[in-house]
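Thanks for coming, everyone. Please bring up the sequence and the model, and follow along as I go.

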Amino acid sequence: MGILVSILVGAVAGWLADLVFKRFSFSLFAEILLGIAGGFVGGWIFGRDGTVIDQILTAFVGAVIILGIAALIKGRSSTV
């Protein structure tokens with residue numbers, strides 16, 4: 001059951017992060033992976049577990065951080 005919840009949380013968080021960064025358009029699978037990775041990053045930063053809403057918000061913040069770093073890297077590589 002934990003894996004299913006992680007996938008669902010990752011999908012929602014990845015989708016929300018994709019809405020914030022409109023120039024990146026990912027497939028659903030990539031959004032799920034982004035959200036799960038964001039969950040790890042957000043959990044590392046905030047270090048807390050809670051309700052599903054807390055997990056979605058934590059994963060969302062982590063996914064936005066990952067996309068922000070990707071945008072910085074992509075922006076630098078295109079100007080070089």
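Start with Val52, which sits in helix α3. Helices here are DSSP runs of H or I with at least four residues, strands are runs of E with at least two, and both are numbered from the N terminus. Val52 is partly exposed, at a relative accessible area of 42%. The cut-offs: buried is under 20% relative accessible area, exposed is over 50%, and partly exposed is in between, with a 1.4 Å probe and protein chains only. Now look for Val5. It is 47 residues from Val52 along the chain, yet their C-alpha atoms are separated by 8.3 Å.

A word on the source. This is a predicted model, where local features need pLDDT of at least 70 and side-chain atom pairs count only at pLDDT 80 or more, while totals for chains, interfaces and linings use all residues. Residues are numbered from 1 along each chain as its sequence is written, and side-chain values use heavy atoms, leaving out hydrogens and water.

Now the overall layout. The protein has three helices and zero strands. From the N terminus, the order is α-α-α. Of the 80 residues, 29% are buried.

Take α1 next. The helix has 19 residues, and its first and last C-alpha atoms are 27 Å apart, close to the 27 Å expected at 1.5 Å a residue. That expected span is 1.5 Å times one less than the number of residues. Which residues of α1 are buried? They are Val9, Gly10, Ala11, Ala13, Gly14, Ala17 and Asp18. Trp15 also belongs to α1, residues 2-20. Trp15 is partly exposed, with a relative accessible area of 46%.

Phe60, in helix α3, has its C-alpha atom 9.6 Å from that of Asp18, although they are 42 residues apart along the chain. Phe60 counts as partly exposed, at 22% relative accessibility.

On to α2, residues 28-46. Its 19 residues should span 27 Å at 1.5 Å a residue, and the end C-alpha atoms are 26 Å apart, which agrees. Glu31, Ile32, Leu34, Gly35, Gly38 and Gly42 are buried in α2. Why do they line one face of the helix? Seen down the axis of α2, the buried residues fall within an arc of 160 degrees, so they line one face. The arc is taken from the directions from the helix axis to the C-beta atoms. In general, an α-helix has 3.6 residues a turn, so residues three or four places apart point the same way. On the other side of α2, Phe29, Phe40 and Trp44 are exposed.

Stay with Gly35 in α2. At 1% relative accessibility, Gly35 counts as buried. Gly35 and Thr58 are 23 residues apart along the chain, and their C-alpha atoms are separated by 9.6 Å. Just after α2, Gly47 has a positive phi of about 60 degrees.

Now the surface. Trp44, Ile45, Phe46, Val61, Ile65, Ile69 and Ile73 make a nonpolar patch of about 710 Å². The elements giving two or more residues to the patch are α2 and α3, residues 52-79. Which element gives the largest share? That is α3, with four residues. Ile73 lies in α3 and is exposed, at a relative accessible area of 55%.

Patch residues have over 30% relative accessible area and no salt bridge; like charges are joined within 9 Å, and nonpolar side chains (Val, Leu, Ile, Met, Phe, Trp, Tyr) within 5 Å. A salt bridge is a side-chain nitrogen of Lys or Arg within 4 Å of a carboxyl oxygen of Asp or Glu. Areas come from the Shrake-Rupley method with a 1.4 Å probe.

Last, the record. UniProt, in an unreviewed entry, lists residues 6-21, 28-46 and 52-73 as "transmembrane region". Such annotations may be inferred rather than shown by experiment. In the model, residues 6-21 are 94% helix and 0% strand, with end C-alpha atoms 22 Å apart. Residues 28-46 are 100% helix and 0% strand, and the end C-alpha atoms there lie 26 Å apart.
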